[in-house]
Structure formats: structure tokens, C-alpha cells
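Hi everyone, thanks for making time this morning. Let me put a structure on the screen, and then we can walk through it together.

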Amino acid sequence: MGSVNSIREELLAYMNRNQMIHSHFAELAGLNSGTLSRILKGKHPISMAQLAAITAGMKLPEDYFFEDYIEECFSFVVSMRRIRPFIFRSAELERLDCLEQIVNRLLEDLSYASLLFEFAELLYGDNKSQAARILYQGVSEAEKYQHSERLALCQYRIFQIELEEQQDLEERLRAATQFELYVNRLDAADQLDAMKQLMHIYGLVHKWKRVDELAKEMHRIASVQYELEGRRSNTIEERVKRPDRPFYYYILYAYLARSTASEECGDYKRALSFVKLYANGERWVQENDEESRQVIAQFTEWAVANTYLYRLMSGDLDVIHEYADYIAIQEDEIFVAVRYMVQAANVFKLFAAYIPYESSKTEFGEYNQAILQESYAQFLIDLAVYFFNHSKSKEQALHTVMKGLEISIRINSSRNIIVFMSLYEQYRDFADQELQERFKNLSSEVYQPVVFQLLFQRR
């Protein structure tokens with residue numbers, strides 16, 4: 001980093017090289033000649049607008065002097081009139097190195113933490129996530145002993161940013177585990193949305209007990225807030241923070257999450273008991289607007305589909321045709337239904353002649369991408385097992401294993417990686433040279449030596 005006067009020194013050197021007087025450069029750059037003179041003498045701080053004019057006048061890249069400008073920001077009286085535009089312009093030009101330096105300098109005085117938090121929120125709202133993360137991390141470090149809601153909100157934003165960027169399931173789990181320490185310090189509205197995201201992550205890594213616990217707490221918080229909302233006067237405008245969706249939505253969603261957790265644990269009777277709770281929203285939801293009607297209709301639709309599903313997985317095989325007929329007109333749910341039908345086929349030895357051995361493009365609806373890939377990988381496990389049991393060609397099943405292994409490696413789902421590699425090892429004698437080479441290439445991407453040692457040990 002240059003000295004306090006480095007910008008001025010380079011400007012004077014440029015003017016001397018080009019034999020320019022002050023007034024000539026001032027006119028060229030669009031600056032007041034007197035102001036430029038005071039800047040060069042070190043009697044006047046350089047504003048961001050003046051820095052941009054000087055840089056353009058010297059025909060240099062806009063961020064050429066940014067590192068030097070950090071010193072300029074602190075060489076006179078510290079002024080947010082200079083620092084604020086510098087922070088936002090650094091974010092726009094992705095000069096994250098400059099942001100880190102100026103945040104660290106500012107937070108030597110902890111009174112700037114609240115202002116930096118406001119800047120971070122503006123950057124986050126403007127989709128400048130990387131820049132916002134630097135400010136959130138700085139504020140978090142400054143307030144790590146405060147146990148404040150602002151600290152919790154910083155951690156929540158960092159968690160949200162990591163979810164936007166990260167498809168690796170292990171990294172997502174790490175982010176969730178780190179953030180969960182702060183979730184109960186958030187405002188109730190933020191807690192509900194945060195719990196929903198945490199449940200997604202824990203569901204992806206099959207921590208269904210934790211999903212059930214979070215859903216139970218979500219139901220408690222949402223129920224309290226919904227009751228409080230009903231007591232508020234409709235004529236008085238209160239500044240009450242609200243979550244992304246209405247409070248009744250989270251009550252219904254909590255029932256759905258608990259039914260899913262029960263299902264994944266194989267307790268279909270318990271799962272059905274929760275289905276009944278989110279199937280009858282029209283009986284207690286007080287609102288009667290377009291949004292409430294859509295929400296209730298959606299949960300009712302899921303209730304119908306899941307009732308068929310849980311009956312099927314409980315061994316009620318007579319329901320299969322009704323389930324298939326219902327799902328045929330519910331395009332967004334076809335993938336989920338097919339997955340569980342294949343799973344049921346493996347368990348109950350169903351419809352061997354009706355599952356095609358050709359892969360086809362599937363429309364998955366509006367599922368979260370990470371949830372979609374994890375669900376698809378599990379579907380391929382069930383499909384591969386089905387092919388191994390019913391297909392005359394074991395190579396068909398091995399191709400399915402390879403496809404699932406590719407997806408699992410991409411999202412770093414260690415659980416699915418182990419299953420696919422175990423399936424391959426069990427049937428590796430049926431693999432041709434191409435499949436063997438493909439497996440060798442995929443296995444080289446997995447960085448789990450201990451798992452490899454166990455899986456590759458030949459009996």
C-alpha cells in the first residue's frame with residue numbers, strides 16, 4: 001500500500017511528464033482548479049468523485065488508486081462521506097481486498113459496527129453477496145461476545161450466502177451446524193425462515209430426528225405468533241416484522257416436515273397422523289384471501305398424495321392404481337412418486353414388467369436444486385437395486401450406479417457415495433472395460449482414503 005501522499009505524488013509525476021499545469025489537468029478531469037491545488041498541497045481530502053475524476057484524467061483503470069485511497073480515508077478526519085461511497089464502489093468492482101482492509105480499519109473503533117451492518121444489509125439486498133459477507137463477518141467478529149440479535153442476523157446472512165453458493169452437502173451441513181447456535185437469538189419472523197432452511201439441510205443429510213425437533217419448535221413459534229397477530233388491532237399499523245410467508249403457512253409446514261421425518265424413519269402410522277393435521281387448514285386458518293386459498297390448496301394436494309404414498313409404503317398394495325392415476329395429473333409430483341414406487345417395488349416385489357429400462361428426461365417442478373439432486377441420487381439407488389433384481393442385463397444396473405455416483409460426488413453426499421460404490425463392488429464382475437474405466441475415474445475424485453480401503457478390499 002502506498003503512503004498518504006501516493007495519489008498526489010503520482011498525479012504530480014503524471015502532470016510533469018505531460019507538461020501540464022494545474023488548470024489544464026483540472027479542466028481535463030472536470031475538477032475545480034482551486035480544489036485541485038489544495039488536494040495537491042495535502043490540504044484537502046480527496047472525495048470518491050474527485051478520485052474517479054483524477055483516475056479518468058490520468059487514463060487509468062477506475063480502481064487503480066483504491067488501495068492508496070484506504071489510507072486517504074483515514075488521513076484526515078474519518079468521514080463516512082468518503083468511506084461509504086468507497087465501500088459500495090469497491091463492492092461493485094469486486095475489490096474485496098480493499099473491502100477487507102477498510103472494514104478491519106473501521107472496526108478498530110467498535111462504534112462503527114452498527115453502520116457497517118446497515119451497509120452489509122444494503123449490499124445483500126443488492127445481490128452483492130461476497131461483499132456483504134465481508135462486512136457481516138467483520139461485524140460478527142466485533143460483536144462475538146455481545147450475544148445480540150445483530151450478531152445472530154449476521155450469522156444468518158452468512159449462512160444464507162453459503163447456501164446460495166454451495167452445493168456440497170458436507171459444506172452445507174457445516175454451515176448449518178455453525179449457524180444453528182445463533183438461530184434462537186433471531187427475531188421470531190427470521191427464526192421461522194431460518195428453521196425452514198435448517199430443516200432442508202438436515203433432511204438432505206438424513207438427520208431426521210433433528211428435522212422433527214426443529215419442526216416441533218417451528219410449530220410452537222408460528223402458533224404463538226399467529227395467535228398474537230389475531231389479537232392485534234386491524235386499525236393500528238404496527239411495525240411487526242413478518243416472515244416470508246404468513247404465520248399459518250409455517251404451522252402447516254411444520255406438520256408436513258414432521259410427517260416427512262416420520263416417513264423417512266419408516267413410521268408411516270405417525271406420518272399419516274401429521275398428514276391429517278396439514279390436510280384440514282381450511283378449518284382453522286382465519287384468512288380468506290387468494291394467498292390463503294392457494295396455500296391451503298397446496299397442502300391439501302400434498303396430503304392426498306402422501307396419504308396414497310404412506311398407505312403404499314405400509315404395505316397396502318391395493319392403493320397402487322389409485323396412486324398412479326392421481327399422480328398422472330400432478331406433474332410436479334411425478335418424480336417423487338416414481339421414486340417411491342420403485343422403492344415399494346424393491347420391498348414388495350411389485351410390477352416388475354412395468355418399470356422401463358430406458359432412462360428418460362424427468363420434469364421435477366420447483367424443487368430446490370440441492371434437494372432435487374439428493375432425491376434423484378436416492379432414486380437411482382432404488383432403481384439400480386431394481387435393475388439388479390429384475391433386469392437380465394446387469395450392465396444396465398451398473399450404468400445407473402455410475403450415473404448416481406457422478407451426482408453424489410458432485411454434491412459430496414458421502415452416504416450415497418458409499419452405497420453406490422458398495423453396489424458396484426457387489427456386481428463389478430459384470431462390468432465391461434468401459435464401465436471399469438469410468439468407475440476408476442470417478443473413484444479418483446473421492447477424497448476418502450479410509451472408505452476406499454474398506455470398499456476395495458476384495459473378499
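So, 49% of the 459 residues in this chain count as buried, where buried means under 20% relative accessible area with a 1.4 Å probe, counting protein chains only. A word on the source: this is a predicted model, so local features need pLDDT of at least 70 and side-chain atom pairs count only at pLDDT 80 or more, while totals for chains, interfaces and linings use all residues. Residues are numbered from 1 along each chain as its sequence is written, and side-chain values use heavy atoms, with hydrogens and water left out.

The chain has 23 helices and 0 strands; helices are DSSP runs of H or I with at least four residues, strands are E runs of at least two, and both are numbered from the N terminus.

Let's look at helix α4, residues 48-57. Is α4 mostly covered or mostly open? Mostly covered: 7 of its 10 residues are buried. Those are Met 48, Gln 50, Leu 51, Ala 53, Ile 54, Thr 55 and Gly 57. Their cover includes α1 (6-17), α2 (22-29), α3 (33-40), α5 (66-75) and α6; here, contact means heavy atoms within 4.5 Å. After α4 comes Lys 59, with a positive phi near 60°.

Now to helix pairs. Two packed helices are described by the angle and the distance between their axes. The axes are lines fitted to C-alpha atoms over the stretch in contact, and angles run from 0 to 180 degrees between N-to-C directions.

Helix α6 (residues 80-92) and helix α7 (residues 96-106) have axes that come within 9 Å and cross at roughly 150°. That makes the two roughly antiparallel, a label for angles over 145 degrees, just as under 35 counts as roughly parallel. On the α6 side, Met 80, Ile 83, Phe 86, Ile 87, Ser 90 and Ala 91 meet Cys 98, Leu 99, Ile 102 and Leu 106 of α7. By class, this contact has 9 nonpolar, 1 polar and no charged residues. Nonpolar covers Ala, Val, Leu, Ile, Met, Phe, Trp, Tyr, Cys and Pro; charged covers Asp, Glu, Lys and Arg; the others, Gly among them, are polar.

And the second pair? The axes of α12 (residues 188-204) and α14 (residues 247-264) come within 11 Å and cross at roughly 20°, so these helices are roughly parallel. Leu 192, Asp 193, Lys 196, Met 199 and His 200 in α12 meet Phe 247, Tyr 249, Tyr 250, Tyr 253 and Ala 257 in α14. This contact has 7 nonpolar, 1 polar and 2 charged residues.

How values were computed:
Parallel < 35°, antiparallel > 145°, perpendicular 65-115°, else oblique. Buried < 20%, exposed > 50% of the residue type's maximum accessible area, 1.4 Å probe, protein only.
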